[in-house]
Amino acid sequence: MVPDPDRWPSSTGGKGFTEVAKKVHDMGLKFGIHVMRGISTQAVNANTPILDITTGQAYEESGRKWSAQDIGIKERTCSWMQHGFMSVDTTLGAGKAFLKSLHTQYAEWGVDLATSHLNNYSISDQALESRGFILCRTIDELNLDHLNSVFVAVGFPKRDPQKIRVALENTDSLLWVEYTKTSKPVAFARATGDGVFNAIIWDVVVDPSFQGIGLGKAVMERLIHQLLLKGICNIALYSEPRVLGFYRPLGFVADPDGIRGMVYSTRKQKKMK
Ligand SMILES: CC(C)(COP(=O)(O)OP(=O)(O)OC[C@H]1O[C@@H](n2cnc3c(N)ncnc32)[C@H](O)[C@@H]1OP(=O)(O)O)[C@@H](O)C(=O)NCCC(=O)NCCS
């Protein structure tokens, strides 16, 4: 792994973060980095060899050389950066060799501390998959009639699928859960916004047959995480009184600092006419 020289000019010439670490140390501080867990898709696509730091050569075991495609788990991509990273099979000698080479490189640069990106979800993607649920983040495979049926089943008004499509195409972040046995959506949530400061969450639904098993929380935790990673701190939603207790443990508060939400009332306008 090498830093991008455009963003980190001091890394030019293969120096990595050496100069940055030196500067930080000169200030009397420790130098820590936060890295993505797993191996980059770029390395897996290029099938780069795994470095064995004890020999300085490609890692060899069972009479062959090992490379990135041997250790990257393509079915376990990073849930919010699916084209960026994937898990590493650390049960393999080559997987362990990869992590050793990576952390040796950080140490050689002068990094004192490396933390890796771990999600603290109440239920992991893997646990959901083992129960037959797949998390999806695009509308490519989403059947809008089936989604509409879920909306109707929870009491939302039935909407024109064409309008739903337009709404979803104009949505920044969305998440839905497919039940593999039926290939139908059973949970959904989405957020619209300006992409940097503000987001509003809409259409949080779980099919009534699948409520109470953690899907609503699973979807909301990931949606909030996705927004926070974009740097969006102002996340709002409208809650029906009966679901306030669902949103509160997820970090939502009503009337923060006395601020009240207001909605333009078309009903009131009609009365005034
Ligand atoms: C609200 C809704 C999305 C919750 O989804 P769900 O999958 O049933 O909820 P989960 O199983 O993930 O529950 C997560 C936690 O919230 C709690 N919870 C769920 N619904 C709740 C409610 N209405 N009031 C208080 N707590 C609730 C659960 O007990 C659980 O608590 P735990 O983490 O301590 O075990 C779902 O019930 C739903 O679709 N309701 C109809 C549509 C709706 O009202 N949407 C919100 C519009 S504002």
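Guide: Sorted by class, the ligand's shell holds 8 nonpolar, 6 polar and 3 charged residues (nonpolar: Ala, Val, Leu, Ile, Met, Phe, Trp, Tyr, Cys and Pro; charged: Asp, Glu, Lys and Arg; polar: the others, Gly among them). Do keep in mind that this model is predicted: local features need pLDDT of at least 70 and side-chain atom pairs 80 or more, while totals for chains, interfaces and linings use all residues. Numbering starts from 1 along each chain as its sequence is written.

Visitor: Which residues are closest to the ligand?

Guide: The ligand is surrounded by 17 residues (C-beta atom, placed from the backbone, within 6 Å). The closest of them are Gln211, Gly216, Lys217, Gly245 and Phe246.

Visitor: Which elements give two or more residues to that shell?

Guide: Elements here are DSSP runs, numbered from the N terminus: helices (H or I) of at least four residues and strands (E) of at least two. Those that qualify are strand E13 (198-206), helix H8 (215-229) and helix H9 (244-247).

Visitor: Is asparagine 47 buried or exposed?

Guide: Asparagine 47 sits in the loop between helix H2 (41-46) and strand E3 (51-52), and its phi is positive, near 50°. Its C-beta has 11 others within 10 Å, where 20 or more would be buried, 12 or fewer is exposed and in between is partly exposed, with C-beta atoms placed from the backbone. So asparagine 47 is exposed.

Visitor: What is phi of aspartate 255?

Guide: Most residues other than glycine have a negative phi. Aspartate 255 lies in the loop between H9 and helix H10 (266-272), and is exposed, with 8 other C-beta atoms within 10 Å. Although aspartate 255 is not a glycine, its phi is positive, at about 45°.
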